[in-house]
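Open the model in your viewer and keep the sequence panel beside it. Each stop below says what to select and what is there.

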Amino acid sequence: PCGVRRVATAGARRASPGVNATFRHALVAHPSRPAPAGCALSVAGRWSSESLVLEYEILCGPDAWLDDSAPNVAPMRRDELWRHTCCEAFVAYADDPGYLEFNFSPTGDWAAYDFAAERTGRVDHAWRGPDPVVRSMAGDAPIRRLLVTLPRAALERVAERGPLRATYTAVLAWRGVGSTFWALHHPRPAPDFHARDGFVCRKFCNFCELLRRVFVASPETFEV
């Protein structure tokens with residue numbers, strides 16, 4: 001197990017040297033499935049000229065064992081990653097019921113879906129370019145990290161749809177406890193990452209302009 005004294009410090013921790021964070025958000029566990037004592041989760045990230053880099057940081061409590069698998073030798077696109085420990089990102093069109101879902105596993109596997117509306121019309125989200133790169137990284141004793149590099153090609157097409165909203169979520173599976181469900185905001189009595197009211201990162205509304213500036217004009221970073 002790994003111990004941590006103060007859960008409240010999770011959102012204030014600095015990102016690892018590989019991520020020059022331009023945003024950091026603390027996630028909360030859904031109250032219907034409380035997290036083991038002393039556990040916390042945050043996500044930090046930045047835009048670069050080639051990608052969106054995300055770092056999910058998990059703080060384990062003194063009696064909490066995260067149930068995850070060793071990295072695969074050959075990571076690949078794989079469905080149903082959410083049945084185990086899995087970090088996620090959702091991007092929604094502000095004026096349309098459609099949205100994207102990205103899943104990232106500590107195994108290195110990933111998934112990307114395009115929904116026509118809430119939980120309906122799902123197809124694989126495809127793009128021309130590199131796959132996401134997902135790496136599980138050991139931190140200090142109480143910390144586990146998942147570092148995700150999401151290529152710009154995965155996001156370029158959605159920018160054409162207009163203003164966007166986003167959220168970051170995770171399923172954390174604990175040995176002997178079961179799964180807990182984490183998000184920036186939980187708008188429903190039961191965990192539901194697809195609920196549009198949970199997409200609270202409204203700074204994605206400027207995503208189209210930022211995409212042009214970041215991916216065309218300069219490698220400057222922006223908060224999302």
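A polar contact is a pair of N or O atoms within 3.5 Å; within protein, one must be able to donate a hydrogen and the other to accept it, and residues adjacent in sequence count only if both atoms are side-chain atoms. This is a predicted model, where local features need pLDDT of at least 70 and side-chain atom pairs count only at pLDDT 80 or more, while totals for chains, interfaces and linings use all residues. Residues are numbered from 1 along each chain as its sequence is written, and side-chain values use heavy atoms, with hydrogens and water left out.

**Stop 1: Glu57**

Select Glu57 and Arg145. Their side chains make a polar contact at 3.1 Å. Glu57 belongs to strand 3 (residues 51-59). Helices (H or I, at least four residues) and strands (E, at least two) are DSSP runs, numbered from the N terminus. Is Glu57 buried or exposed? Its relative accessible area is 0%, so Glu57 is buried. The cut-offs are under 20% relative accessible area for buried, over 50% for exposed, and partly exposed in between (1.4 Å probe, protein chains only).

**Stop 2**

Switch to a cartoon view. An open sheet of eleven strands runs in the order 7-6-5-4-10-11-1-2-3-9-8, with antiparallel pairing. Two strands pair if DSSP finds at least two bridges between them. Now go to the edges. Strand 7 (123-124) and strand 8 (133-138) each have a single partner strand, so one side of each has no neighbour in the sheet.

Next, select strand 2 (residues 40-47). Eight of its eight residues are buried. Ala40, Ser42, Ala44 and Arg46 point one way, and Leu41, Val43, Gly45 and Trp47 point the other.

Bring in the neighbours of strand 2. Strand 1 (residues 23-29) pairs with strand 2 in the antiparallel sense, over five bridges. Strand 3 is also antiparallel to strand 2, joined by eight bridges. Strands 2 and 3 form a hairpin, with three residues between them. Click on Gly45: it is the bridge partner of Phe23, and in strand 3 Gly45 has Leu54 as its bridge partner.

Further along the sheet, select strand 4 (residues 86-93) and strand 5. They pair antiparallel over six bridges. Glu88 has Asn103 in strand 5 as its bridge partner.

**Stop 2: the nonpolar cores**

A nonpolar core is a set of buried Ala, Val, Leu, Ile, Met, Phe, Trp, Tyr and Cys residues joined through side-chain atoms within 4.5 Å. Which residues touch the most other members of the largest core? Among its 40 residues, they are Leu54, Tyr56, Phe102, Phe104, Tyr168, Leu172 and Trp174. Strand 10 (residues 164-174) gives the largest share of this core, six residues. A second, separate core has twelve residues, including Ala92, Ala111, Tyr113 and Phe193.

Contact here means heavy atoms within 4.5 Å.

**Stop 3: Thr180**

Select Thr180, in strand 11 (residues 178-183). At 1% relative accessibility, Thr180 is buried. Its side chain makes a polar contact with the side chain of Trp174, at 3.0 Å. Leaving out residues up to four places away in sequence, Thr180 touches Arg33, Pro34, Ala35, Pro36, Ala170, Val171, Leu172 and Trp174.

**Stop 4: the aromatic cluster**

How many aromatic pairs does the structure hold? There are nine. Rings of Phe, Tyr and Trp (its six-membered ring) pair if their centres lie within 6.5 Å; planes under 30 degrees apart count as stacked, over 60 as edge-to-face and the rest as tilted.

Select Tyr99 and Phe199. This pair is edge-to-face, 5.9 Å centre to centre with 90° between the planes. Tyr99 sits in strand 5 (residues 99-104) and Phe199 in the loop between strand 11 and helix 2 (207-217), 100 residues apart. Both Tyr99 and Phe199 are buried.

Move to Tyr113 and Phe115. Their ring centres are 6.4 Å apart and their planes at 65°, so this pair is edge-to-face too. Tyr113 is buried at 3% relative accessibility, and Phe115 is buried at 6%.

Ring pairs link Phe90, Tyr99, Tyr113, Phe115 and Phe199 into a cluster.

Finish with two arginines. A charge sits over a ring if NZ of Lys or CZ of Arg is within 6 Å of the ring centre and within 35 degrees of the ring normal. The charged end of Arg122 sits over the ring of Tyr113, 4.2 Å from its centre. That of Arg196 sits over the ring of Phe199, 5.6 Å from its centre.
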